[in-house]
Amino acid sequence: MSALASRSHGTAAPAPSPAPRPTAKFRPTKITSYLLLGLVALVFLIPAYWMVLAAFKPNDEIYQWPFTPLPSEPTTENFSAALAAAPFDQFFMNSLLVTTIGATVKVALAALTAYAFAFLPFPGKKWLFLAVLGALMVPGHVTLLLNYSTISNLGLINTYAGIILPGLGSAFGTFLLRQHFMGLPKEVLEAAELDGAGHLRKLWSFVLPMSKPAVITVALIAVIDEWNDFIWPLLVTNTLDMRTMPIGLMFLKQTEGLDDWGMIMAATLMIVLPMLLLFLFAQKYIINGMAGAAVRR
């Protein structure tokens, strides 16, 4: 009746006011989560802080008590001493060569394999992909003896090829890229096929550009694996001029002993810093790549 009365008098009924939005409350569980995350961050940051600190401290100040949070007289002599005690320039070039070639080929093979699993029909496809998933559960050290025997029989001991070849397969890279490829729009690939594009052109011109975060994630993981690898280059090389950076650090410790921690920390910083800078540059792609693959079927 009131609505009819308002119409009869030519006035419109007032519009209902929007419901107030619920305000986010800072719950105690969030405080607990932040505290736990802060503790975990400290576990990782304190050793890194001590490494950087010791790299720029004189050796006698490292053992000084009470502890000084900053070097009283910062010095770069530890870096000069490390470069003089071991041929880190050669170690760096070896690591750079092995990492560049190994990571590039590893990503290329992972992309080709993932494309085949995602888009090509072939017999036994499901079982082969299950075998790739099974390879994720096999520790890499299980294959050391077989890989060493194969490389030795091929005459590749103490060569770059001997260091690189056994690590070219990446089950994780294949799995991650395949999961990402499965979520790409099929219409784009169908249109490319109608234009006469072959599989390699579709992969290079369409699939990889649309999968940039996942590809960068796989590439970064491959680079870190190659750069930090210690056991395999140690087994397959036997001369100082073929050693990589992690083995160079072990050589430095054996040569100089454990007394000169400033020099050892300076060498450690030289090994860690390139990967740290690379990770800081690519971290947003890693988050996007991992999140994108997690929701694929």
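The side chain of R243 reaches the backbone oxygen of L234 at 3.4 Å. This contact belongs to a predicted model of a protein with 297 residues, of which 34% count as buried. The secondary structure comes to 15 helices and zero strands.

- R243 lies in the loop that runs between α13 (231-236) and α14 (245-256).
- Although R243 is buried, it has no salt bridge.
- The nearest side chain of opposite charge to R243 is that of D241, 7.9 Å away; a salt bridge would require a side-chain nitrogen of Lys or Arg within 4 Å of a carboxyl oxygen of Asp or Glu.
- Apart from neighbours within four places in sequence, R243 is in contact with Q90, F91, N94, P233, L234, T237 and N238.

**The nonpolar surface patch**

- L97, I101, V105, L109, L112 and L200 make a nonpolar surface patch of about 470 Å².
- Helix α5 (residues 88-119) provides the largest share of this patch, with five residues.

**The protein as a whole**

- The accessible surface of the protein comes to about 18,400 Å², and 70% of this surface belongs to carbon and sulfur atoms.
- Among contacts with a separation of 6 or more, 70% are accounted for by residues 24 or more positions apart.

Notes: Residues are numbered from 1 along each chain as its sequence is written. This is a predicted model: local features need pLDDT of at least 70, side-chain atom pairs count only at pLDDT 80 or more; totals for chains, interfaces and linings use all residues. Side-chain values use heavy atoms; hydrogens and water are left out. Helices (H or I, at least four residues) and strands (E, at least two) are DSSP runs, numbered from the N terminus. Buried means under 20% relative accessible area, exposed over 50%, partly exposed in between (1.4 Å probe, protein chains only). Lys and Arg count as positive and Asp and Glu as negative; His and the chain ends are not counted. A polar contact is a pair of N or O atoms within 3.5 Å; within protein, one must be able to donate a hydrogen and the other to accept it, and residues adjacent in sequence count only if both atoms are side-chain atoms. Contact means heavy atoms within 4.5 Å. Patches are made of residues with over 30% relative accessible area and no salt bridge: like charges are joined within 9 Å, nonpolar side chains (Val, Leu, Ile, Met, Phe, Trp, Tyr) within 5 Å. Accessible areas come from the Shrake-Rupley method with a 1.4 Å probe; for residues, only the protein chains shown count as cover.
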